[in-house]
Amino acid sequence: MISNEIIAIPVAEYHDRMQQLRNEGYDFLESLTGMDWGDSLGVVCHLESTTTGAHIVVKTATEDREHPELPTVSDIWKAAELNEREVYGFFGVRFVGHPDMRRLFLREDWVGYPLRKDYDASPEVNPVRMTNEETLDSTPTYQLNADGKLEEKVNVIFEDGEYVINIGPQHPATHGVLRFRVSLEGEIIKKLDVNCGYIHRGIEKMCESLTYPQTLALTDRLDYLAAMHNRHALCMCIEQAAGIEVSDRVQYIRTIMDELQRIDSHLLFFSCLCMDLGALTAFFYGFRDREKILDIFEGTCGGRLILNYNTIGGVQADIAPDFVRKVKEFIAYLRPQLKEYHDVFTNNVIARQRLTGVGVLSREDAISFGATGATGRAAGWACDVRKRMPYGVYDRVDFREVLFTEGDCFARYMVRMEEIEESMRIIEQLIDNIPEGPYQTKTKPVIRIPEGSYYAAVEASRGEFGVFIESRGDKSPYRMKFRSTGLPLVSAIGTIARGAKIADLIAIGGTLDYVVPDIDR
Amino acid sequence: MEMMKKPQIKSMKYEDFKDNETLEKMAAELRAGGTNVVVGCLDEMIEWGRSNSLWPLTFATSCCGIEFMAVGAARYDFARFGFEVTRASPRQADIIMVAGTITHKMAPVLRRLYDQMADPKYVVAVGGCAVSGGPFRKSYHVVQGVDTILPVDVYIPGCPPRPEALLYGMMQLQRKVKVERFLGGVNRKEPKPDYLKEK
Amino acid sequence: MFDFSIVTQWFHALLLSFLPEGVAVFLECVIIGLFLLLLYALLACALIFMERKVCAAYQCRLGPNRVGPWGIFQVFADVLKMLTKEIIEIRHADRLLYNLAPYIVVVASVLAFSCLPINKGMEILDFHVGVFFMMAASSIGVVGILLAGWSSNNKYSLIGAMRSGAQMISYELSIGLSIMTVVMLTDTMQFSQIVERQADCWFIFKGHIPALIAFVIYLIAGNAETNRGPFDLPEAESELTAGYHTEYSGMHFGLFYVAEFVNMFIVAGMAATIFLGGWMPFHIPGLDGFNAVMDYIPGFVWFFAKAFFVVFLLMWIKWTFPRLRVDQILHLEWKYLVPIGLVNMLLMAVIVVFNWHF
């Protein structure tokens, strides 16, 4: 359980203190949240040390609402790079020393800063603009002069003569509407620039006007392949904050569902990777078997993709009568199928050549970018939240955290394939022992969270999914932030793909396995 | 004179479809002037070909896209109906399945994709978000239904729609294509909506 | 064995009986041309349908089954749609080349297609350097692809076309080497003669080890020539959306699509002709009764059966393997196939010189 105490640092000392914390071993920037406290604007940083496991939460704020400026920490943690751009886009806070101060999610001609409390959301201010967005080849950056004045400089991303191709937003390999601008030298990638926001739905802002039970509805749609996990994280965060106890039965059910969802997601990963690499038949194999999990979900939750299952204090409905039998049958069915996957794809010489040694992400970079999940574990970083901060009943089951050290595409692929097996083991240990009990704890009709800030994280399909809630004691959150699992992966792609070929970019994107609605939120 | 032919689709009865009135009205309007036999037969053949060969564009923005893939996959297999070849290039696609939320930043891109497609082209709005904005209707960055920027032929509600619903919607589109006229009569003559007018 | 030249000679004599020779020959040319195009189109439809059904079978699906019984009219529906679909003109494209490119690709494949000996006496183009002509004709196709990529004014297209150029020109070499290996065994380059010499035994058996190696090399290189998976880099759907034909719509795209399938058939037909005896029935020397029974099956049945068998092999490969990367493709060609092909040719020379073949 992460301490919810926040250490406030004045702006002037912010950068130095952060550097100091980094030197003390806090090498993992878990999340960086922009905040509007009404009178001041600032950021909240969740830091973690990967060696000791210690957590610390710090914040800094500036009173200047007209021209808010904060020093950047993107030179300390690479993860801050995109997160600070996000904060800039949503709150208008300019980060001094940040190399790239463009809005991350919104169009450059967007009026206002939507997550500020005084934002004017009327459609007249920001109508649907049907003009094509201008693509900038250079970005503004702010540097502090020797005399303490702020100076705007221009940082050139792509020179005039470069052969820049545009991959996305509508491209079969980006798994959604993500856009890369890639500068090529023949087939080799020289530079890559990520453009997000094509599916930015403003979920965090919407949550601020919804009651806590209502906010649950939106989490499933963040990363629809980790619907269970996302909702689990939010429920857990609210339960911890409001002091709601959930029964053992619920914990068991949630854990089993999480693992089923993980298998589902990894099967889809397998399918999509195969499709990206051109092995279409394997794609269909993965989807065929995924349907069986969806059947199980359907029996209990009623939905296939958007499940709406977890609730605050329990789950929506008790498990279906044939749930246990079906899950057992499924596990018995999947084991030989996995072998077939390995026969068809993993052991194929072309697949090996396409994946091995391609797109290497080092352990240091993975930590610095905060690339959790299979990507981090493939690089040798033991970042599994289930082991780091056990929740549900993960402390009661025996499972292995799959670790590889190569950090290449093949390692990422193998981590996921082996995690399917581990997930099946977890389910097998739990499925026969689901204790009796209520599936829903009685809660007050209106759920309120005591004033303060709370953070809870789960291991979602593609990394750590965290929920940060700042509450002022109302029935809806003051600020709700979701730590995206995909954003760190996308921020790392520029580093991974440099020097690779276009075809490798597809393999890298496939093995990073990001889900775009989760990045853009 | 009853010249209207009911748009039939193999394996599902006419009566089993909902919203037949719209189609019948559309057919009656299109055939108001009557057609000559040769042209009419040729027309029927062309529309038979078109309706059975609707190639979708690989386009998806969020959750509905996964269900769209599921419809293409082994269990539901829309290749049976001739939607087989999903094309990644808009030039070669016939329908755009708007699967998922359309945001302000995506709207001009989607419009451009639609403009890049070759005629005849059809739009299917898949899921609550594309139909009306769905759960994100109140958001500051979401387009309130894709019909504000594109002419939509078929709406498939759901969040996300089940694969069966997707198939049903695509079959409705087939029926709609079947009553169209390529040569005879007036083909899709509608007043140009505001959003399609040149700025 | 039924000789189709009886029919053609009878028809020629019939025309001559009431027409001057020049007109008769011209008329025959027109008829043959029409027949060729019809066969070309029908084959394309059959192949597309076969591909859909075969890949559906591999992928645990049903494939088209609503349009006509078992969906056999599916392809005709597609053709009708393609024919009535808009052909988009692109403003900044090189208009002439852009519109010319698909026709070059189709003409090249029709030319190559007309070289295939379908039955005894049913060769459309048959002369003493047939093999050379066939290879030359089929490599015109790459010009069309390069033009398509260049003139579309699209970066994906350009990359696709460049990949295609690099790939097809390289693999032409392997195809040439593997065919030359067989030509050494036959000492003729005329297709009808090549088939005739396999009367006692097909070359794949006759030339045993080197012929088998040549056959495998030919299949790999032929697959690469047709731009089909795992060598479908120029199209590479997940990388370049649709590669060199990204900007083509309507029937212009349809021509590329059709040419791809017929090119596959040409490669298969060549493999059937050169290695598997073409229209020549399966004969075992010495077993005259068996051979006589085999002779009852008409030649074109043999030819199509063999060609479709090879097509099936190609489809099997396509639907099983992932796509290669561009450097791996060239690596495979220049570091493995070409040296092996050269050594194999030497081996064949030795075998022919010492008469170690059957």
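Is C:Asn153 buried or exposed? With a relative accessibility of 51%, C:Asn153 counts as exposed, because the cut-off for that label is over 50%. Hold on to that residue, since we'll come back to it.

Okay, hi everyone. Before we go on: what we have here is a predicted model. I'll start with chain B, then go to a few spots in chains A and C.

So, chain B. How confident is the predictor in it? The mean pLDDT of chain B is 79, and 82% of its residues reach 70 or more. If you go element by element, helix α1 of chain B, residues 20-30, has the lowest mean pLDDT, at 75. The highest, 90, belongs to strand β2 of chain B, residues 122-126.

What's chain B made of? You'll find six helices and three strands in chain B. Walk along the sequence and the order in chain B reads α-α-α-β-α-β-α-β-α. Chain B has 199 residues, and 60% of them count as buried.

You'll find B:Cys129 in helix α5 of chain B, residues 127-132. Its relative accessible area is 11%, so B:Cys129 is buried. Who's around it? Skipping neighbours within four places in sequence, B:Cys129 is in contact with B:Gly100 and B:Thr101 on one stretch of sequence, and also with B:Gly134, B:Pro135, B:Phe136, B:Val143 and B:Gly145. Also have a look at B:Ile102: it sits 27 residues from B:Cys129 along the chain, yet the two C-alpha atoms are separated by 7.2 Å.

While we're in chain B, two peptide bonds to click on. The bond joining B:Asp119 and B:Pro120, though, is cis, with omega about -10 degrees. B:Pro120 is in the loop between α4, residues 107-116, and β2 of chain B. The other one runs from B:Cys159 to B:Pro160, again cis, with omega near -10 degrees. For B:Pro160, look in the loop between β3 (154-156) and α6 (163-179) of chain B.

Now over to chain A, starting with A:Ser265. That serine is in helix α6 of chain A, residues 248-276. Where does it stand on exposure? A:Ser265 has a relative accessible area of 0%, so it counts as buried. The side chain of A:Ser265 makes a polar contact of 3.0 Å with the side chain of A:Arg462. Leaving out residues up to four places away in sequence, A:Ser265 touches A:Arg462 along with A:Leu225, A:Ser461 and A:Asp513.

Next, A:Asn348, which lies in the loop between α8 (323-346) and α9 (349-355) of chain A. Here the relative accessible area is 6%, so A:Asn348 is buried too. What does its side chain do? A polar atom of the A:Asn348 side chain lies 2.7 Å from the backbone nitrogen of A:Ile350. And A:Asn348 reaches another chain: not counting residues up to four places away in sequence, it touches C:Thr320, C:Phe321 and C:Pro322.

Most residues other than glycine have a negative phi. A:Asn308 has a positive one, about 50 degrees. You'll see A:Asn308 in the loop between α7 (280-301) and β12 (310-311) of chain A. At 27% relative accessible area, A:Asn308 is partly exposed. And C:Asn153, from my opening question, has a positive phi of about 60 degrees. C:Asn153 lies in the loop between α6 (141-151) and α7 (155-186) of chain C.

Last stop, the surface of chain C. Which residues make up the nonpolar patch there? They are C:Phe2, C:Ile6, C:Val7, C:Trp10, C:Leu14 and C:Phe18, and together they have about 630 Å² of accessible area. One of them, C:Phe18, is in helix α1 of chain C, residues 5-18. C:Phe18 is exposed, with a relative accessible area of 57%.

Key:
Residues numbered from 1 in each chain as written. Chains lettered and ligands numbered in written order. Predicted model: local features only at pLDDT ≥ 70, side-chain atom pairs only at ≥ 80, totals over all residues. Heavy atoms only, no water. Patch = residues over 30% accessible without salt bridge, like charges linked within 9 Å, V, L, I, M, F, W, Y side chains within 5 Å. Areas by Shrake-Rupley, 256 points an atom, 1.4 Å probe, with all protein chains shown as cover. Salt bridge = Lys/Arg side-chain N within 4 Å of Asp/Glu carboxyl O. Helix = DSSP H or I, 4+ residues; strand = E, 2+ residues; numbered from the N terminus. Buried < 20%, exposed > 50% of the residue type's maximum accessible area, 1.4 Å probe, protein only. Polar contact = N/O pair within 3.5 Å; in protein donor to acceptor, adjacent residues only side chain to side chain. Contact = heavy atoms within 4.5 Å. pLDDT = per-residue confidence, 0-100.
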